[in-house]
Amino acid sequence: MNILLTGGNGFLGTHLVRDLNNCGHKVFLSKSNISNYESLQKEIENINFDTVIHLAGLSHVVDHSPSLLYETNVIGSQNVVHAVEKNHQKKKIFLASTCHVYADTTSPISETFPLGPKSHYAASKLAMEFICNNTALRNKIVSLRLFNCIGIGQKESFFIPKILKAHIQKEPVIHLGRVETKREFNDVRWAVKVIRSLAEVDAPPGNYNICSGKAFKASEVLSLVSEKTKHFPEIISDVELLRPDEQNIIVGDPTRTSSTLSQNGIRLRQPPIRKILDDMIIEYKRQINAQKKL
């Protein structure tokens with residue numbers, strides 16, 4: 001399969017490119033800034049691809065202005081769809097969205113759950129879904145509502161990389177936000193396999209949760225990391241790191257995605273959280289040791 005991919009240099013994109021290549025797919029990495037429609041349209045007009053996976057966009061953790069979030073995540077994504085519409089038809093366009101489009105709840109979230117974004121980031125992703133669906137007339141849209149993923153290459157502003165490196169480097173104190181929140185901690189290597197598999201089976205248009213349905217308290221993960229590294233730092237709850245829009249628990253219902261894949265004979269099980277953390281600790285130790293030798 002020939003795949004046009006935006007955002008191939010990001011955290012998720014890097015892992016997806018590796019997985020697609022390992023499975024024999026041909027990947028066309030878009031080099032255009034998605035905010036520049038002319039450049040994007042010119043780049044893809046002569047590319048022969050079967051499907052599009054659009055990952056490019058801005059993350060909610062980094063402090064971007066609301067205007068930049070909407071300009072990039074909404075208008076930029078619309079530019080991708082416009083460029084495909086102009087040159088191609090009957091293609092699937094997979095959009096990387098987020099679980100944060102859903103309303104606050106303590107129950108497992110299915111794709112039919114009420115919507116209620118509480119941040120500009122989440123609102124920009126939901127607006128992206130609506131605008132792109134309205135823009136696509138000759139092609140079909142699949143929205144991938146991603147729940148929390150972890151893995152090598154994730155920025156240190158995210159919870160897991162931050163605490164792993166602090167433990168490995170034996171820092172005496174770690175400043176964090178709330179540690180009683182409950183989240184999924186899904187292996188990014190597993191998540192990209194799910195995305196690739198949905199593309200391979202030509203999943204029907206609509207919304208798909210990329211989730212495991214398994215959640216852990218941040219404090220539980222902290223204890224696991226301390227146990228594995230034999231380091232027990234002081235944890236300080238820093239007011240400046242608290243987010244007023246942060247939900248107590250976010251856990252997804254993977255039924256629709258799992259059913260779509262299982263109907264095609266595909267069952268993907270991710271490794272347990274202990275194995276995911278082990279792999280990350282080994283890699284971070286390798287990186288730190290490599291830096292010391294420079």
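Biologist: How many bridges pair β3 with strand β4, and in which sense?
Modeller: Four bridges, in the parallel sense, with β4 at residues 92-98. Strands pair if DSSP finds at least two bridges between them; strands (E, at least two residues) and helices (H or I, at least four) are DSSP runs, numbered from the N terminus.

Biologist: What are the ground rules here?
Modeller: This is a predicted model, where local features need pLDDT of at least 70, side-chain atom pairs count only at pLDDT 80 or more, and totals for chains, interfaces and linings use all residues. Residues are numbered from 1 along each chain as its sequence is written, and side-chain values use heavy atoms, with hydrogens and water left out.

Biologist: Which residue in β4 is opposite His54?
Modeller: Leu95.

Biologist: What does β1 do with β3?
Modeller: β1 (residues 2-6) runs parallel to β3, joined by four bridges. Ile3 has Thr51 as its bridge partner.

Biologist: Switching topic, what is the strand order in the open sheet with β8?
Modeller: β11-β8-β13, with mixed pairing. β11 (216-217) and β13 (249-250) each have a single partner strand, so one side of each lacks a neighbour in the sheet.

Biologist: How does β8 run relative to β13?
Modeller: Parallel, over two bridges. Lys182 stands opposite Ile249.
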